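This report describes selected features of a single protein model. Please consult the sequence and structure shown below.

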Amino acid sequence: LNWEPNLSKYARLPIDIRGRRPYVRATIILDSGAEIEHSMLLDTGANEPMSLPESLAEEKEMPMEDSGWVGGVGGMRKGKKSKIKGVKFDTETIALNSVGIDPTTRAPRGGRHEPGNIGSGLFEGREVIVDYSHRAVYV
(Lines give C-alpha, C1' and ligand atoms only; values in the text may rest on other atoms or scores of the structure.)
Protein backbone atom coordinates (compact mmCIF):
# COMPACT_ATOMS: atom_id res chain seq x y z
CA LEU A 1 0.00 0.00 0.00
CA ASN A 2 1.49 3.32 -1.04
CA TRP A 3 -0.60 5.77 0.98
CA GLU A 4 0.78 9.24 1.74
CA PRO A 5 -1.54 11.19 4.06
CA ASN A 6 -1.19 14.95 4.50
CA LEU A 7 0.29 14.99 8.00
CA SER A 8 0.65 18.78 8.30
CA LYS A 9 -2.69 19.04 10.16
CA TYR A 10 -1.65 16.49 12.82
CA ALA A 11 0.45 16.77 15.96
CA ARG A 12 3.34 14.26 15.82
CA LEU A 13 4.01 12.22 18.96
CA PRO A 14 7.23 10.19 18.87
CA ILE A 15 6.91 6.57 20.00
CA ASP A 16 9.46 4.10 21.30
CA ILE A 17 8.98 0.46 20.26
CA ARG A 18 9.85 -2.04 23.01
CA GLY A 19 9.00 -5.70 22.54
CA ARG A 20 6.73 -4.84 19.59
CA ARG A 21 4.71 -2.46 21.75
CA PRO A 22 4.46 1.32 21.21
CA TYR A 23 5.26 3.64 24.13
CA VAL A 24 4.98 7.42 24.31
CA ARG A 25 6.44 9.80 26.87
CA ALA A 26 3.72 11.82 28.54
CA THR A 27 3.55 14.51 31.19
CA ILE A 28 0.60 14.03 33.52
CA ILE A 29 -0.66 17.29 35.02
CA LEU A 30 -1.91 16.55 38.51
CA ASP A 31 -4.85 18.32 40.14
CA SER A 32 -2.32 20.22 42.29
CA GLY A 33 -0.57 21.52 39.16
CA ALA A 34 2.50 19.34 39.70
CA GLU A 35 3.70 17.37 36.67
CA ILE A 36 4.87 13.77 36.32
CA GLU A 37 6.78 12.51 33.28
CA HIS A 38 6.03 8.86 32.62
CA SER A 39 6.24 6.24 29.89
CA MET A 40 2.82 5.18 28.61
CA LEU A 41 1.86 2.10 26.58
CA LEU A 42 -0.34 3.03 23.62
CA ASP A 43 -3.15 0.46 23.91
CA THR A 44 -5.77 1.12 21.22
CA GLY A 45 -7.83 -1.82 22.53
CA ALA A 46 -8.35 -0.23 25.96
CA ASN A 47 -11.48 1.90 26.33
CA GLU A 48 -10.30 3.86 29.35
CA PRO A 49 -8.55 7.10 28.36
CA MET A 50 -5.54 6.61 30.64
CA SER A 51 -4.34 4.64 33.65
CA LEU A 52 -1.31 4.82 35.90
CA PRO A 53 0.27 2.14 38.10
CA GLU A 54 -0.84 2.32 41.71
CA SER A 55 2.79 2.40 42.89
CA LEU A 56 3.36 5.69 41.01
CA ALA A 57 0.12 7.20 42.34
CA GLU A 58 1.14 6.28 45.90
CA GLU A 59 4.67 7.65 45.45
CA LYS A 60 3.30 10.97 44.14
CA GLU A 61 0.67 11.02 46.92
CA MET A 62 -2.19 11.28 44.45
CA PRO A 63 -5.54 11.08 46.29
CA MET A 64 -7.36 7.93 45.14
CA GLU A 65 -10.95 6.80 45.42
CA ASP A 66 -12.73 3.58 44.50
CA SER A 67 -14.35 3.60 41.09
CA GLY A 68 -16.18 0.25 41.34
CA TRP A 69 -15.45 -2.82 39.29
CA VAL A 70 -13.51 -2.55 36.02
CA GLY A 71 -13.03 -5.26 33.43
CA GLY A 72 -10.02 -6.14 31.37
CA VAL A 73 -8.26 -9.04 29.72
CA GLY A 74 -7.50 -10.52 33.14
CA GLY A 75 -11.12 -10.32 34.29
CA MET A 76 -12.90 -8.07 36.78
CA ARG A 77 -11.11 -6.20 39.55
CA LYS A 78 -11.71 -3.31 41.94
CA GLY A 79 -10.74 -0.07 40.26
CA LYS A 80 -9.47 3.25 41.59
CA LYS A 81 -9.21 6.71 40.10
CA SER A 82 -7.58 10.04 40.85
CA LYS A 83 -8.28 13.58 39.69
CA ILE A 84 -5.89 15.22 37.24
CA LYS A 85 -5.99 18.27 34.97
CA GLY A 86 -4.69 16.70 31.79
CA VAL A 87 -1.84 15.12 29.89
CA LYS A 88 0.83 16.66 27.64
CA PHE A 89 2.66 15.04 24.73
CA ASP A 90 5.40 17.31 23.36
CA THR A 91 3.34 20.33 22.25
CA GLU A 92 -0.12 18.70 22.44
CA THR A 93 -2.11 19.02 25.70
CA ILE A 94 -5.35 17.09 26.26
CA ALA A 95 -7.66 18.07 29.13
CA LEU A 96 -8.69 15.11 31.28
CA ASN A 97 -10.55 15.15 34.61
CA SER A 98 -9.44 11.82 36.05
CA VAL A 99 -7.11 8.92 35.51
CA GLY A 100 -7.62 5.24 36.29
CA ILE A 101 -5.26 3.71 38.83
CA ASP A 102 -4.20 0.14 38.06
CA PRO A 103 -3.92 -1.84 41.32
CA THR A 104 -2.28 -4.81 39.55
CA THR A 105 1.01 -2.90 39.12
CA ARG A 106 1.94 -2.14 42.72
CA ALA A 107 5.66 -2.73 43.11
CA PRO A 108 8.29 -0.90 41.02
CA ARG A 109 10.51 -3.34 39.12
CA GLY A 110 14.21 -2.58 39.26
CA GLY A 111 13.44 0.80 40.83
CA ARG A 112 11.22 1.80 37.89
CA HIS A 113 7.45 1.89 37.79
CA GLU A 114 5.48 -0.11 35.26
CA PRO A 115 4.36 1.97 32.29
CA GLY A 116 1.01 3.68 32.35
CA ASN A 117 -1.62 2.93 29.73
CA ILE A 118 -3.18 5.19 27.12
CA GLY A 119 -6.40 3.80 25.70
CA SER A 120 -8.54 4.77 22.73
CA GLY A 121 -10.78 6.85 25.02
CA LEU A 122 -8.09 9.54 25.23
CA PHE A 123 -8.25 10.13 21.48
CA GLU A 124 -12.04 9.86 21.20
CA GLY A 125 -13.32 12.23 18.52
CA ARG A 126 -9.85 12.66 17.02
CA GLU A 127 -8.21 11.10 13.99
CA VAL A 128 -5.20 8.98 14.95
CA ILE A 129 -2.54 7.47 12.69
CA VAL A 130 -0.04 5.03 14.21
CA ASP A 131 3.07 4.94 12.00
CA TYR A 132 5.33 2.15 13.30
CA SER A 133 7.91 2.49 10.52
CA HIS A 134 8.55 6.15 11.36
CA ARG A 135 8.06 5.64 15.12
CA ALA A 136 5.29 8.19 15.46
CA VAL A 137 1.64 8.66 16.29
CA TYR A 138 -0.20 11.48 14.53
CA VAL A 139 -3.20 13.00 16.30
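This is a predicted model: local features need pLDDT of at least 70, side-chain atom pairs count only at pLDDT 80 or more; totals for chains, interfaces and linings use all residues.

## Nonpolar core

The largest nonpolar core comprises 26 residues, and those with the most contacts inside it are Met 50, Phe 89 and Ile 118. Two or more residues are contributed by each of β3, β4 (35-43), β5 (50-53), α1 (54-59), β7 (75-89) and β9 (98-102). The most is given by β3, with four residues. In soluble globular proteins, nonpolar side chains tend to be buried together.

Beyond its neighbours within four places in sequence, Phe 89 is in contact with Leu 13, Val 24, Arg 25, Ala 26, Ile 94, Ile 118 and Leu 122.

## Thr 27 in strand β3

Strand β3 spans residues 21-30 and includes Thr 27. Thr 27 has a relative accessible area of 13%, which is under the 20% cut-off, and is therefore classed as buried.

When residues up to four places away in sequence are not counted, Thr 27 touches Glu 35, Ile 36 and Glu 37, as well as Gly 86, Val 87 and Lys 88.

## Aromatic side chains

Zero aromatic pairs are found in the structure. Tyr 23 does, however, have the charged end of Arg 18 over its ring, at 3.9 Å from the ring centre.

## Second largest pocket

The second largest pocket holds about 250 Å³ of space. Twelve residues line this pocket, and Arg 18, Arg 112, His 113, Glu 114 and Pro 115 are the closest to its centre. Among the elements, β4 gives the most to the lining, with four residues.

Conventions: Residues are numbered from 1 along each chain as its sequence is written. Side-chain values use heavy atoms; hydrogens and water are left out. Buried means under 20% relative accessible area, exposed over 50%, partly exposed in between (1.4 Å probe, protein chains only). Contact means heavy atoms within 4.5 Å. Rings of Phe, Tyr and Trp (its six-membered ring) pair if their centres lie within 6.5 Å; planes under 30 degrees apart count as stacked, over 60 as edge-to-face and the rest as tilted. A charge sits over a ring if NZ of Lys or CZ of Arg is within 6 Å of the ring centre and within 35 degrees of the ring normal. A nonpolar core is a set of buried Ala, Val, Leu, Ile, Met, Phe, Trp, Tyr and Cys residues joined through side-chain atoms within 4.5 Å. On a 1 Å grid over the protein atoms alone, a cavity is a set of points where a 1.4 Å probe fits but cannot get out, and a pocket is an open set with protein on both sides within 12 Å along at least five of seven lines; lining residues have an atom within 4 Å of a point. Grid points are joined across faces, edges and corners, and a volume is the space filled by probe spheres set on the points.
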